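Please look through the sequence and the model before reading on, and keep both in view while the paragraphs below take you from one part to another.

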Amino acid sequence: MKRVIAGVATALAATLAVSACGSSDPLAEDKPSGSASAGSITIGSANFPESQLLAEIYAQTLEAKGVTVTRKFDLGSREKYMDGLKDGSIDLIPEYTGTLLQFLNKQAPETEADEVYTALQKELPSNLTVLDKAEAEDKDAIVVTKETADKWKLKSIEDLVPHCGEVTFGGPPEIQQRPDGIPGFKKTYNCTFKGFSALEPGAITTKALLDGTVQAADIFTTDASIEANDLVVLEDPKSNFAAQNVVPLINKDKVNDTVKAALNAVSAKLDTKSLQELNTALDAPDKPEYADVAKDWLSKAGI
Amino acid sequence: MDPRTAGGEPVNSALDWLFNPDHWSGPTGIPTRILEHLGYTALTVVIAAAIAVPIGAIIGHTGRGTFLIAGLSNGLRALPELGLLTLLVLLTYVGLLPVVISLVILALPPILAGTYAGVRNVDRAVVDAAQGMGMRGSTVLWKVELPNALPLILGGIRSATLQVIATATIAAYVALGGLGRFVIDGNNAGAGSPDGYPQMAAGAIVIAVLALVVEGVLEVVQRLAVSPGLRNAATRKRTSRIWRKPTPELVGKST
Amino acid sequence: MNVDWPWPWLPRNVDKIAEATGEHLYLALLPVLFGLIVSIPLGWAASRWPAVRLVLVPLAGVLYTIPSLALITLVPLLIGTKIIDPLNVQVPLAIYTVALLVRSVTDALLAVPGEVTAAATAVGFRPTKRFLSVELPLAIPVIVAGLRVAVVSAMSLTSVGALIGIGGLGELITEGFKRNNAVEMVVAIALILLIALVLDALLLTVGKLITPWTRARQGANR
């Protein structure tokens, strides 16, 4: 019996030791860094690589100015992380003006960049605000392969309309409800697709498009795979997709001069071309870490 | 609606979503998803049984290759299905084939183990009697061992079916249909949305109910399929173990 | 589209992998331990009182049948956690462990031969000491067998939580999937597999070590 107790005790101790290795609050991300003097802030990101990269850029810029940063990345889609912003579990997140506006006001008609920005400021909840917008845009778009574009002579979404009934469309599950998604295609272009395939944003959506599993897909315009695979972004003459300038969405309480200056400096240097280059760097075959890509860009941009 | 608080509200929202008639019609409705789910399951189990029953029977009959049974059961129970499924999709394409292949791989161990155990555990006296009557090897297998092994074989198939029903919920992550669709789509919609957590919870309830119903039906099928000779009281004590699923202890739960 | 196999990713991300592994073990093993502790008194009660057995065994069967994604999703409904809470994975795992082990413990205790318990009582063992010194040790081989299954299953089941954002090695799988990084996926899968098999072998060995009489008996029969 003693032997049994000894054996069981060892096993229990081993289990506890092993699980204690990871148990210290496993869902909190990195430890905060930087000195405490310039305040602290929690930065979140959505569940796609570009969002995480932008958040990392914000994070490093603020840390360089002495702000204590806590990172909570990969939180999911906007629908999910807005709760975090409202209840204060996160303070700052990189956002896109157009879709954010439509999220807050489904009927918002604005599509031009400055109009969208102004309208957005009016729609935000009282505790949140946006800082300067960057010139960089990353829009949702309807994308097809070069073969499909050649076959049907597609340049814009309007050219696709006669073929919509033959097309299975691929994209993240939430666009089935988003105003500029499936409902938007119907309303703006009278395009109803044959079917919908819910795909994780990123490599798998591109893959489904290239394999022909879907004939058109919602791929973000700065996605590196567009150039890499010769994909064709269909033009949007009726502006179903509003302007999508990158903008920091932040809790008003956390805005001080340091934070404002740092983030606006990033926005000033961030144009669409830079964003595309960032994505290409991230997608390189050796899969660099977000932190390294961010650091590289920040030093090249002189921030 | 905030699922952070337990109690009436979230349950009501989930039930509201579940019983909303809009969600019971059309290509994205609950019945369609149930049929898709059962379709993936049936296809998988049929293919897996076609592979595993013959192999398990031969191993049980000849007694050779038993390492395959134990090794596969152990190894595959430890293999994370999410990983196998997504990796296979990434390496091939987004479609039904990689999903079915992953599900079949998962369904093989329980059927193999059940068939092997069934054939192996046939009463030696019965086999001797058969051989005494002049039956040769494969005839013994066909006419005597397999029918006697049927309860355990069906137990293995039953366990495989439940395993596949559980794993098929993951198929939604790689753009397929099935009941996992409600969980994945609900998760993407965000907690506060009416199609968020309520959809997830409604989907989860349907999944659980489906699993229990199928389990119940298969239990009845298994009992009915046992040959009358094995049902009488005298043999029941000896064979009473076979009424239970041999499987949790043999093959565990991996989804 | 080519799948990328960035092997240099592996050495560069050792701490990320280690952190994910630690998280995975926390999510998977703690509930199994808890489940083991809970199933012993439950199994004892079921072995002693047929009424308890009549309720517990079918209940265990029902719970075990419910798919993990369903239970993981329903935990917030049942106990009010947020959607991304480790408990959402740990509670189902504990439930599955208990459902599995209660049967093992019950069967094992019921299988202790009557003569052995009678002899123990005759020698003067009080019921508690008899349970701890005689019945429970005899039940250990069956319990260890069930525990091995529970641990291995838990390692695999935990990764399902990644579908709704609950960590561990499963998150490496989903991240690799999104970024076309097959190395990340393979590393995560291999680690889950390896750790599960190592734990399985460990439990098997410990089980044999603490029950020397099973080996002695085999030796005597030769």
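How many residues of chain C are in contact with chain B, and how many residues of chain B do they meet? In this predicted model, 47 residues of chain C are in contact with 44 residues of chain B, where two residues are in contact if their C-beta atoms, placed from the backbone, lie within 7 Å. Because the model is predicted, local features need pLDDT of at least 70 and side-chain atom pairs count only at pLDDT 80 or more, while totals for chains, interfaces and linings use all residues. Residues are numbered from 1 along each chain as its sequence is written, and chains are lettered from A and ligands numbered from 1 in the order in which they are written.

On the side of chain C that touches chain B, α9(C) gives the most, with 10 residues. The residues of this side divide into 35 nonpolar, 10 polar and two charged; here Ala, Val, Leu, Ile, Met, Phe, Trp, Tyr, Cys and Pro count as nonpolar, Asp, Glu, Lys and Arg as charged, and the others, Gly among them, as polar.

Chain C itself has 10 helices and zero strands, these elements being DSSP runs numbered from the N terminus, with H or I and at least four residues for helices, and E and at least two for strands. Of the 222 residues in chain C, 54% are buried, and a residue is buried if 20 or more other C-beta atoms lie within 10 Å of its own, exposed if 12 or fewer, and partly exposed in between.

Turn next to the largest nonpolar core, which has 208 residues; such a core is a set of buried Ala, Val, Leu, Ile, Met, Phe, Trp, Tyr and Cys residues joined through C-beta atoms within 7 Å. Tyr58(A), Ala107(B) and Ile111(B) touch the most other members of this core, and helix α7 (residues 127-158) of chain C gives the most to it, with 15 residues.

Finally, chain A holds strand β3 (residues 92-96), which is largely enclosed by the rest of the structure because five of its five residues are buried. Leu92(A), Pro94(A) and Tyr96(A) lie on one side of β3(A), with Ile93(A) and Glu95(A) on the other. This strand pairs with strand β10 (residues 246-251) of chain A in the antiparallel sense over five bridges, pairing requiring that DSSP finds at least two bridges, and Glu95(A) stands opposite Val247(A) in β10(A).
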